[in-house]
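Colleague: Could you take me through this model and show me how to read its sheet, its core and its aromatic rings?

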Amino acid sequence: EIVEAQEIKKWGLEKDNYILYLGRIVPEKGEHYLIKAFKQIKTNKKLVIAGGISDTADYGKELKELAAGDNRIIFTGFVQGRVFDELYSNAFIYCLPSDLEGMPLSLLEAMSYGNCCLVSDIEECASVVEDKAITFKKSNVKDLKDKLQDDIFITGNTRTEKSLHEAKALKAIDEGFLDPIECVQGADIIYLSTPVLQIVPLVKKILPHLKPGAILTDAGSTKSFIAKQIMDLLPENIYYVAGHPMTGREKSGVTAAHKDLFNNKCYVIVKDTGAPAKVVEKIVNLIKLTNANITTLTLEEHDRCASIISHIPHITAAALVNLLDKNPNDLESCITLAGGGFKDTTRIASSNADMWADICISNSEPIIEHLSQLQSLLSGVITSIAKKDRQAIHDYFVESKTRRDMILEETKDKYDLI
């Protein structure tokens, strides 16, 4: 059960402000690697080493000597009960740096709480996490440091002072800027999440100010339109990895954000944007920390599939709401009758209009093709109803139910469908 941070506040711990190791304090668990790696990274997060050390006093003393002088590192001692639950529930990352394991029960516990996990690549850990966590080379402090990231520091660009203050208050960012050029200074990774038609102009603006080796990635709902332009702009030492999280909310702004938004949702990484394999791997490892399920598609595959799975449903949801205005005499009564079915079906019609206007323009060909197919399907239903052809109408609903049930069954262990 996920519980809010209360008792752990005595150590200055809050939601997502610490990296956690919780387990036995013994050399084979590799806590010394974690402390050495953590001391080399620039972050305002804390490192929590939780567990009893009474039976391994010499090793416990060694760890505390290693941590000396770094007040970000906290030793809690043995924990149980609510404190145990709070530590797992509120960690930014759970790290298990073991050289040797049996069945890693603490790792299984961390995963049960939905934690992002970073573990050594020994077989006992790797077989448990499969592709749902980040691994580092066993006993390798440098690789562990790199996987923790050289700088766990997030800057954000907002349009208004209000949004900037809200983002900092929510701890979505460490520092905020109204000027995108200021925001990207020295950044390793730049995550672009504006409406689609604003992405390329933004890249043109910030490009001269990016450091060599910087990586651009994006959350744009259309890919060919963006990717082909960005790839033409980039010098050899700036990279682009096109991405698209197949999830979202009908609300916009940082106050609508949620840390579990990508959890068990599909995240597309596009294959063909020219970035080296190590660059793509870096973005994939970053996305894995959100517990998203990563898949790869070509630009064209993505745009066709996104049209059917995402774009057409949004357009259709908006049409259903607009249908109310086509019947003004019944509008008040219809609103009175509107129940869960109508609200669920049209929820996404409350999405940001700027974003969806851009998507329709930038992915026009697949959208027009699929809208025409939808129009044909609806015309067929109209004809069947006009002819009172019950069998044809029945078949229409049976086919859709069969297909949807199959989709739910095939994806139940992969994705949460929304």
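The dialogue below takes up the sheet, then the core, then the rings.

Modeller: A caution first: this is a predicted model, in which local features need pLDDT of at least 70 and side-chain atom pairs count only at pLDDT 80 or more, while totals for chains, interfaces and linings use all residues. Residues are numbered from 1 along each chain as its sequence is written, and side-chain values use heavy atoms, with hydrogens and water left out.

Colleague: In what order do the six strands of the open sheet lie?

Modeller: Strands of a sheet pair through backbone hydrogen bonds, either parallel or antiparallel. Here the order is E4-E3-E1-E5-E6-E7, with parallel pairing; strands are DSSP runs of E with at least two residues, helices are runs of H or I with at least four, both numbered from the N terminus, and two strands pair if DSSP finds at least two bridges between them. Strand E4 (73-77) and strand E7 (134-136) each have a single partner strand, so one side of each has no neighbour in the sheet. From one strand to the next the twist averages 25 degrees, where axes are lines fitted to C-alpha atoms, for helices over the stretch in contact, and angles run from 0 to 180 degrees between N-to-C directions.

Colleague: Which residue of E4 is the bridge partner of Ile49?

Modeller: That partner is Phe75, and four bridges join the parallel strands E3 (residues 46-50) and E4. Lys64 lies over the face of Phe75, at 5.8 Å from the ring centre; the criterion is NZ of Lys or CZ of Arg within 6 Å of the ring centre and within 35 degrees of the ring normal.

Colleague: Which residues touch the most other members of the largest nonpolar core?

Modeller: In soluble globular proteins, nonpolar side chains tend to be buried together. Of the 50 residues in this core, they are Leu20, Leu87, Tyr94 and Leu144; such a core is a set of buried Ala, Val, Leu, Ile, Met, Phe, Trp, Tyr and Cys residues joined through side-chain atoms within 4.5 Å, buried being under 20% relative accessible area, exposed over 50% and partly exposed in between (1.4 Å probe, protein chains only).

Colleague: How are the rings of Tyr88 and Tyr94 arranged?

Modeller: A pair of aromatic rings is described by the distance of the centres and the angle of the planes. Tyr88 and Tyr94, both buried, have ring centres 5.8 Å apart and planes at 45 degrees, so the pair is tilted; rings of Phe, Tyr and Trp (its six-membered ring) pair with centres within 6.5 Å, and planes under 30 degrees apart count as stacked, over 60 as edge-to-face and the rest as tilted.
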